[in-house]
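Grab a pencil and work through these exercises on charged pairs and pockets. Try each task before you peek at the solution.

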Amino acid sequence: MTIVHLRRARTSLVLDARGPGLPRVTHWGADLGPVPDGDLPALVDATVAPVVPSSFDAPTVLSLLPEAAAGWGGRPALAGHRDRRDWSTAFRLDGVDVTDDDPAAPARVTVRAADAGAGLSLTVEIALDPTGLVLLRHRLRNTGDRPYELRELTPVLPVPPVATELLDLTGRWCRERSPQRHPWPMGAWVREGRHGRTGHDATLLLVAGTAGFGFGHGEVWAVHTAWSGDHVTFAERRPTGESVLGGGELLAPGEMVLDPGGEYATPLLHAVFSDVGLDGLSDVLHTHLRARPQHPTAPRPVTLNVWEAVYFDHDLDRLRALADHAAEVGVERFVLDDGWFRGRRHDRAGLGDWYVDDTVWPDGLHPLVDHVRAHGMQFGLWVEPEMVNPDSDLFRAHPDWVLSAPGRLPAQWRHQQVLDLAHPPAYAHLLERLDALLDAYPGIDYLKWDHNRDLTEAGHHGRPGVHGQTLAVYRLLDELRRRHPGVEIESCASGGGRVDLEILRRTDRVWASDCNDALERLAIQRWTGLLLPPELVGSHIGPERSHTTHRVHDLGFRAATALFGHHGIEWDIGAIGFVQRRELAAWVALHKRLRPLLHSGRVVRVDHPDPAVWAHGVVAHDGSRAVYAVARLATSVTQTPGPVRLPGLHPRRRYAVRPAAGVPEPATLELTAPGWLADGGVTLSGAVLATVGLQMPALHPEQTVLLEVTAVDRGAGGFLGESPAGMSRTGVPASTDG
């Protein structure tokens, strides 16, 4: 039929759709420039592997849906059967539609194929976003006259052999987003999530890259499975020479049975390439997310959540006083956490009974809501709609509304079970309760939507229920957003247990972790930021002694860590003195001043050789300003860690580098400041700052120095608005049409 060459930003995708079988991706990666149509067949044919001894008589075809019929011996992209038949496919191409008229819009390819003998038709949807992000989805339809049980349908993309290392993330509660890196061996590296939610150990991005790739260098390819239920993401390298990345939904036995005419669509696989390291991946993803119609555009309000201040002890006078102090330090959103509804004096009862507890709140929540809004703050409320305590009126009335295997309840987790939202009466009840709550309190601007347990033995009417539950949660969120479009929603799942790009189509931020320990949060936020821009990641200043680790940090370290996100406070600020509240107010004011930059600029992370020193920053897309944080995590082997480079600036512009104004400097800064810092700052070119760097003060462990960087030239000679090498004005890697 045709050969398709799509180009956006610094990415090319070449698709060989000459038939008769499914098309294959010949190239996904660096931009190839404007290849003449006449050269495309030679380009494609030059990538076909030769026939070798003791192998198939024709080259193996690694298509958009790898098939055994085409010689593929790796993980099956499609697995299923119809009465133990039709278990293998040989799809034939029916047509390819290409839309590639507007470089500012996504390029789109739709591939249609069928296997009449197996009674199946396949549609493959590919989009190449203007940022260079590839979006891939399969749709499988049962065209036969009997049901077809689908076990797996997984989009994959090829990766060239120069990618020899893998990086992904794992974790647990309060230790989310822990990186793990290793050589890419032969065989499959498979990450399965069987939590019924994204999971604290979800990889977010599975990255393959050239040897030694870092934040600012190397070629890297990555995929993200956008799905909030059970899922799989994998990398596979075959002895026959092929390497692939893929991801999709993880289906339980019998969970997906397609009746005649029935169709199944995979979750969207987000695939991204960068030739400038991990920061290039983040830049593409962040720019894509910021361009969404639903992306938050109003300034992200500084939030105070009362959980670590009062827990379940709800007292109106105390909460009013806390709201007074919140307004005093500059808080813009006040959130009442768990404990406001019937019977909820501890975490063992009440979930499911979504009525304001009139024994604690005899006048309802109105006195607190009115008090908060009188200060000019928004009001937020914690809910956990998908869960139910067995000790609740709802469970006692409707024990059959729980996800379970026949004849028994799943093992309890935090004294909770999970409501079956695919059960229409349960769904209708929950929608009515949340809708009534938001109608009764129009002052509610925000819901902290929690999800505090995994889905285990999640059965619906005797069959596996995770798929149906996930779709029902999406429907519930969509309907609430339709009825209450002004209410923002946070995705919280005992911290960072539900962080993916599908839940973020319906929510306005994620809670990265229940851990507010600033040292832990540095890593959690760094790696969550690989996928998400700062404004989507809740980041709060916790108490001096961490609730979850009992580690003690001074306010400067906690505040500097929380600065780079959707900023907030989770601390009993009514129990601290005036001097500390004044310092807290200064940090809040600094965040507000930097917020336009932090929530729109390009995130950069520093590849520094000393593991005890972490540095990161945000650079304005026009190169006019930046802010960097340099943190000391531990003591170093060397007396000083060596100069820290400040990447991302325009190489030919001159910048003034100064300590952040308006907040106290780290306690050791005066005694250990290098000369330039003791003099109050330095002015150097972006090239010098990125290549040579600056010596930093010998901070004690668990301290941070913040640096503000401002361009001092007026952009003469075309420098104003000129982008750093290889980057466009929007921060998206620019095409090179050589």
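**Exercise 1.** Work out which residue pairs with Asp445 in a salt bridge, and what the pair ties together.

*Solution.* Step 1: Asp445 forms a salt bridge (a side-chain nitrogen of Lys or Arg within 4 Å of a carboxyl oxygen of Asp or Glu) with Arg373, and the closest N and O atoms are 2.6 Å apart. Step 2: Asp445 sits in strand 26 (residues 444-449) and Arg373 in helix 5 (residues 366-374), so the pair links parts 72 residues apart in sequence. Helices (H or I, at least four residues) and strands (E, at least two) are DSSP runs, numbered from the N terminus. Step 3: with a relative accessible area of 16%, Asp445 is buried, while Arg373, at 39%, is partly exposed. Here buried means under 20% relative accessible area, exposed over 50%, and partly exposed in between (1.4 Å probe, protein chains only).

Keep in mind that this is a predicted model: local features need pLDDT of at least 70, side-chain atom pairs count only at pLDDT 80 or more, and totals for chains, interfaces and linings use all residues. Residues are numbered from 1 along each chain as its sequence is written, and side-chain values use heavy atoms, with hydrogens and water left out.

**Exercise 2.** Are Asp279 and Arg605 buried or exposed?

*Solution.* Step 1: these two form a salt bridge, with the closest N and O atoms 2.9 Å apart. Step 2: Asp279 belongs to helix 2 (residues 278-290) and Arg605 to strand 33 (residues 602-605), so their pairing ties together parts 326 residues apart in sequence. Step 3: Asp279 has 9% relative accessibility and counts as buried; Arg605, at 4%, is buried too.

**Exercise 3.** How many salt bridges does a search of the whole structure find?

*Solution.* The search turns up 50 salt bridges.

**Exercise 4.** Describe the lining of the largest pocket.

*Solution.* Step 1: a pocket is an open set of points on a 1 Å grid over the protein atoms alone, where a 1.4 Å probe fits, with protein on both sides within 12 Å along at least five of seven lines; lining residues have an atom within 4 Å of a point. Step 2: 43 residues line the largest pocket, and Arg24, Thr47, Thr60, Val61 and Leu62 lie nearest its centre. Step 3: strand 2 (11-17), strand 3 (24-30) and helix 1 (40-45) are the elements that give two or more residues to this lining. Strand 3 gives the largest share, five residues.
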